[in-house]
Amino acid sequence: MSLNRCMYLFSRLQRHISPRAARITSSCHVSSSVLHKQHQAGSVVCSRNVSSNSSSPKPPDTSLFVPVPLKTDSPVDGSVGAELTQPLDKSQLLKMLNRFYKRKEMQKLAADHGLDARLFHQAFISFRKYVMEMTALPADLHIILSDICFGAGHIDDIYPYFMRHARQVFPMLDCMDDLRKISDLRLPANWYPEARAIQRKVIFHAGPTNSGKTYQAIQRFLAAKSGVYCGPLKLLAHEIFEKTNTAGVKCDLVTGEERTFMDPEGRQAGHVACTIEMCSVNTPYEVAVIDEIQMIRDLSRGWAWTRALLGLCAEEIHVCGEPAAIDFIRELMYTTGEEVEVHTYERLTPFTILDHAVESLDNLRPGDCIVCFSKNDIYSISRQIEARGLECAVIYGSLPPGTKLSQAKKFNDPDDPCKILVATDAIGMGLNLSIKRIIFNSLIKPTINEKGEKQMDTISTSQALQIAGRAGRFSSKFKEGEVTTMHRDDLLVLKEILSQSVDPIETAGLHPTAEQIEMFAYHLPDATLSNLVDIFVSLSQVDGVYFVCNIDDFKFLADMIQHIPLNLRSRYVFCTAPINKKQPFVCTSFLKFARQFSRDEPLTFDWVCRHINWPLALPKNIKDLVHLEAVHDVLDLYLWLSYRFMDMFPDTALVRNIQQELDDTIQEGVLNITRLIRATDSAITDPLQTQGRTRGNVGTFGSNNVTGSKGQRGQGGSGEFINSSLASRLVRDGLLTPDLLRQLQREWSKDTDTDDQNNDNKGRRRKKKK
């Protein structure tokens, strides 16, 4: 090779190395002005937990770090390295790399630079694959490897090039400090500079259910020039919306799926009733009402109450909720420098815990409400009640709001023959019901723990009081209420639960914002949204009074649409949609909505009708009813998205019209729910139930005694429900095929006939002996 050629190649090599090093060191620097703005917005806020602010940051959960696949294109300098030296022997190269991997000194040095054992191993696998499969390595790396192969270098010389590769595979290593700053959630009050710019007055209305605490707050809301009501449910927002306008005060309604403006031209009224997630923290108000403040500790939605409490720009903040939250709200307001004025209330009407359980549905009385924690229990008990010639109303969480209201109206109407209500704990909030006696069918409820895992647990004192408090309300015809259980064994447990004081609230929920996730994505552009959120939570630092809310539902939706090309902000909005992930049809619709959206094709009314097969027929069985409820949720999803992407979901009014028609159809189905249950049972006859009816066993739909073993009820339902639904659940879960079920039915039928024949023979023999 000529001297001029060598000088030319070395000059190219030098130009190549310098810019690359510069790119590596500067790839992960965040704009200091952005971070400064995020953390200095509210300088007036004082912090009580100084120790947590000065504590060392927790180590990252490296199991969340997903390696970025690198392109194996030829380097810019081509085969300069091979020209300067000679081609590398792959077998010798493999042995050399494996020797490097086993050196403890290199592992320790890598750990000092952020590569723990897991990341070191993953980075090495990627580095080895890169070196072995590249047709032409970068010249600097090729020369170093060649020198080591020929004894002119030490194996440790690979380390800088290995770390350069590791930082490309794990880009978060170079910007860990910036990521920690972005995910620092220790002073959430600083996120709301508009609220910190005014001196707010906080009034806490504390009391049990039916104590008039919310009524007093609403009176101040009505008297104000402007105000916002923030409630946990659409039904509550609707109720305040209607009451406020009836009182002659113009009030708008804002929920996730609905916007109703009283002004014909769409101008905003001075008052607004909204679900708490929809409240504006930028609009100034004279009065704000935050209802059910104890939900600030809710593992999924608590962040919305934290945001409203810290961020609402109102001169007066009226907070309503359980007395157990008083001390915590005081502590939280201390960080903003705002004092809390407490008004306490007593229950307006008493309720009594009875000394006896109901034990049988034959002992039901007008005004009774049986509370279940399972939709299947509702189906079972409502059928048994109507088998006794009684009418009952049914309310559970997945019913549309209109259907819930119609069932409540049917139950409350003194002229309607329906005098019994079967419901889930959905009655705990948002519905005015005329209940004399609350009957707990079970005290076991499925819950979600801090890890997002589902578990069966006894209801808390707070939950029991919320439900029991629905008995005997001041505005109903039953001034005094009664509370008991269906099963004798549960009564002592209920008395113990209600005798305990409510656990004090000690923490408030937080949730990463879209802006914070966008800043994360700036540093980690190749990470998926689900992975970004995981890393955010793992790096986040919170004061002792806060926690990061459960994000499993968010991640579930993010993973579902990860393959669909969407910009980050749109993807984030889609993933915050409130959908029931247990409903396959809703999840499928969500996926189709996202795919259609990604193509820039508007989701028109005709497109939606084709998707849901509109018009829909009346339900013939429970399966049909459940599907109609899922379709209603899909229309809710359309409406929710239509207020975030108006141009892509243009037919809001038309969709709302068919949703109302669907609500009427569901109402008619619920009115005939026992007929639907019978139709469902005839489709898959339960052999255990058939056996029970033939042999006179208890635990069947026709039984007069609803008690079952404690072990059965410990799973969230009565003994009869477990018997009557076991076969259908086995079929549903794929553990039993319909053919096997029919075979079992035939065998049970033969066994029954044989038993009957044996009994007849025994009877004849007795007669002969006589």
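Predicted model: local features only at pLDDT ≥ 70, side-chain atom pairs only at ≥ 80, totals over all residues.

Student: Let's start with Gln667. Why does Gln667 count as buried?

Tutor: Its relative accessibility is 19%, and buried means under 20%, so Gln667 falls on the buried side of the cut-off. Gln667 lies in helix α27, residues 652–671. Leaving aside residues up to four places away in sequence, Gln667 touches Gly402, Thr403 and Ser406.

Student: Next, the aromatic rings. What makes the pair of Tyr379 and Tyr396 edge-to-face?

Tutor: A search of the whole structure finds 18 aromatic pairs. In this one, the ring centres are 6.3 Å apart and the planes stand at 90 degrees. Centres within 6.5 Å make a pair, and planes over 60 degrees apart make it edge-to-face, so Tyr379 and Tyr396 meet both conditions.

Student: What does the pair of Tyr379 and Tyr396 tie together?

Tutor: Tyr379 lies in helix α16 (residues 375–387), and Tyr396 in the loop between β11 (392–395) and α17 (401–412), so the pair ties together parts that are 17 residues apart in sequence. Tyr379 is buried, with a relative accessible area of 9%, and Tyr396 counts as buried at 1%.

Student: And Phe574 with Phe645: what kind of aromatic pair do they form?

Tutor: A stacked one: the centres are 5.7 Å apart, with 25 degrees between the planes. Planes under 30 degrees apart count as stacked, so the angle settles the label. Phe574 is in helix α23 (residues 568–575) and Phe645 is in the loop between α26 (622–642) and α27, so this pair ties together parts 71 residues apart in sequence. Phe574 and Phe645 are buried. Ring pairs also link them into a cluster with Phe590, Phe593, Phe597, Trp607, Tyr638 and Phe649.

Student: How do you know that Arg644 lies over the face of Trp640?

Tutor: Arg644 is at 3.7 Å from the ring centre of Trp640. The distance cut-off is 6 Å, and the charge must also be within 35 degrees of the ring normal. Arg259 lies over the face of Tyr643 too, at 4.2 Å from the ring centre.

Student: On to the strands. What makes β10 and β13 a pair?

Tutor: 4 bridges join them, and at least two are needed, so they qualify. Strands β10 (residues 368–371) and β13 run parallel, and Ile370 has Ile439 of β13 as its bridge partner. β13 is also joined by 4 bridges to β16 (residues 481–485), again in parallel, with Arg437 opposite Glu482. In β13 itself, Arg437 and Ile439 point one way, Ile438 and Phe440 the other, and all are buried.

Student: Why is helix α18 described as mostly covered?

Tutor: 6 of its 8 residues are buried, among them Thr461, Ala464 and Ile467. The cover includes β9, β10, β13, β16 and α19.

Terms used. Residues numbered from 1 in each chain as written. Heavy atoms only, no water. Helix = DSSP H or I, 4+ residues; strand = E, 2+ residues; numbered from the N terminus. Buried < 20%, exposed > 50% of the residue type's maximum accessible area, 1.4 Å probe, protein only. Contact = heavy atoms within 4.5 Å. Phe/Tyr/Trp six-rings, centres within 6.5 Å; stacked < 30°, edge-to-face > 60°.
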